[in-house]
Amino acid sequence: VILKKLVTQKSLPPPPGPRKLPLIDNLLDMPTEKEWLTFAAWGDNWGDIVSVSVFGQTMIILNTAKVAAEMLDKKSSIYSDRPILQMGGELVGWKNTLVLLAYGERFRNYRKLFHQTIGTPLAMEKFHSIEERETRNLLRRILQRPEALAEHVRRTAGAIILRISHGYEIAERDDPFVNIANEATEQFSLSTTPGGFLVNLVPPLRHVPEWVPGAGFKKTAALWATTLARMADGPHEFVKKQMAAGIAEPSFTSSLLEEPDLTPDREHDIKWSAASLYSGGADTTVSAIYAFFLAMVLHPGVQKKAQAELDSVVGNGRLPSFSDRDSLPYLSAVASEVLRWHAVTPTGVPHRVTEDNISEGFLIPKGAIVISNVWKMLHDPQVYSNPFVFRPERFLGPQPEPDPREIAFGFGRRICPGRVLADVSVFISCAMSLAVFDISKMRRNGVLVEPKADQTTGTISHQKPFECVISPRSPKAVELINVEEF
Ligand code: HEM
């Protein structure tokens, strides 16, 4: 019976997809820009599950949330590994961080640490005051130099994450930890793009010695490995010193280092999960919050409605806080719509399947890389009416459309472990900014400058830079931003 099952299983077809050439397979079909658009077009042509391959490596592309749930959620015990990336993962060492960590014991340990410290709304409550304080700093920076919005949003995200991960307060300019983290994350992008280094496409090249001509990538890898090590070690050592002096601020790292019987192995896990917090958490929330400002420029009607809600619930004598969230349904819908309208990770993060299995009537081979077209799922007209329109109302009323958080944060055992933190950051930024600022189109020589929604290619994708005017709503708003004691 088992043999028969195996035979039928093996004889099932893989999911359909574009025709392959000998040896290189679909290499020439693979998009190099905005992959999600090509993947969506393949979906229209071939169905919800598409398969392609390059040099024998199968890739399965999922275009609906329904199949992603069927496969990545329901069969999570075999769909939760990550691809092995030679340059970024193996040689530079990003496989030590959660996002590229292989499925297994250590993976479960890191996930537990995340869950325990920032995994639930209750656990996150202890960080609400940091979020509120740092977001007020964001308002202050915007008030002073509104034209540098993107820079301010980035600085604030870094400040929040480093405070939560290590209880570290960043310097206003040229902070050493922020600089090293920026350098390391830039190198992460460079080293993990499939086409960036030949060794990513031809793995045996990693064994070539450094002195062989053409093996310069090994020197680069060694250099980048030291940047990564410094990014993980610096803040970790800072916390240990602060703890020894008895002055450590409560943080992800300090609370975990307090454990009795700390083994070196355990300390390794704590250090690298804290580094994963930074690398996973800074650029992503930046992308969402920057997109929020664009959405407000483009949709003054939505902005007015959210402000009217804020004025009636919170008034103008104080800034909104987390305790107001339940009384601000429209604003909460705005935050949800930001996460839907702008896909921060348009093609998610790839999973790797560890066993042959049958899904939706197709054979999915062991070792296949599974890519969720998150962008398409968030703009699926079967699920979201007029998906390209920014309309928070879709989440209100008797028949709300599905919560985009079910898609935007990925699937199964790899679902984003920072999603509660992300949600808190996005909500408070929307609430506090709309309470004090009007965000509108720039006028140049009497003509309104119309920004356009358009996002960059990349695992973490950003709205392209746009111009706008951000001005305080009233003298009272300026006062609230500048209050000292907060
Ligand atoms: C709007 C903001 C964010 C979005 C849209 C987002 C989205 C995602 C997605 C789609 C994944 C991949 C899930 C999968 O493999 O199926 C992921 C993984 C991850 N995210 Fe987030 N994320 C956000 C914010 C954050 C924050 C604030 C943190 C840290 C505090 C964080 C840390 C991570 C980590 C460490 C992983 C890897 C998890 C693993 O491989 O097990 N993310 N995120």
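Guide: Start at W375. This is a predicted model, and in it W375 has a relative accessible area of 13%. Buried means under 20%, so W375 counts as buried.

How do two rings get described as a pair? By the distance of their centres and the angle of their planes.

The search of the whole structure finds 13 aromatic pairs. Take F39 and W42 for comparison. Their ring centres are 5.6 Å apart, and their planes meet at 35°. Planes under 30 degrees apart count as stacked and those over 60 as edge-to-face, with the rest tilted, so F39 and W42 make a tilted pair. Both residues belong to helix α2, which covers residues 35-46. They sit three residues apart, about one turn of that helix. F39 is buried, and W42 is buried too.

Back to W375 and F388. This pair is also tilted, with 5.9 Å from centre to centre and 40° between the planes.

The charged end of R340 sits over the ring of Y384, 5.3 Å from the ring centre. R325 lies over the face of F427, and the distance to that ring centre is 4.5 Å.

Next, follow the chain to the loop between α17 and α18, where α18 is residues 419-436. C416 lies in this loop. Its SG atom is the only protein donor of the iron atom of the ligand, at 2.3 Å.

End with a helix, α8, which runs over residues 149-166. It has 18 residues. From first C-alpha to last it reaches 26 Å, close to the 26 Å expected at 1.5 Å a residue. Of the 18 residues of α8, 14 are buried, so the helix is largely enclosed by the rest of the structure. G167 follows α8, and its phi is positive, near 60°.

Definitions and conventions
Residues numbered from 1 in each chain as written. Predicted model: local features only at pLDDT ≥ 70, side-chain atom pairs only at ≥ 80, totals over all residues. Heavy atoms only, no water. Helix = DSSP H or I, 4+ residues; strand = E, 2+ residues; numbered from the N terminus. Expected span 1.5 Å × (residues − 1). Buried < 20%, exposed > 50% of the residue type's maximum accessible area, 1.4 Å probe, protein only. Phe/Tyr/Trp six-rings, centres within 6.5 Å; stacked < 30°, edge-to-face > 60°. Lys NZ or Arg CZ within 6 Å of the ring centre and 35° of its normal. Donors = N, O, S within 2.8 Å, 3.2 Å for Na, K, Ca; no water.
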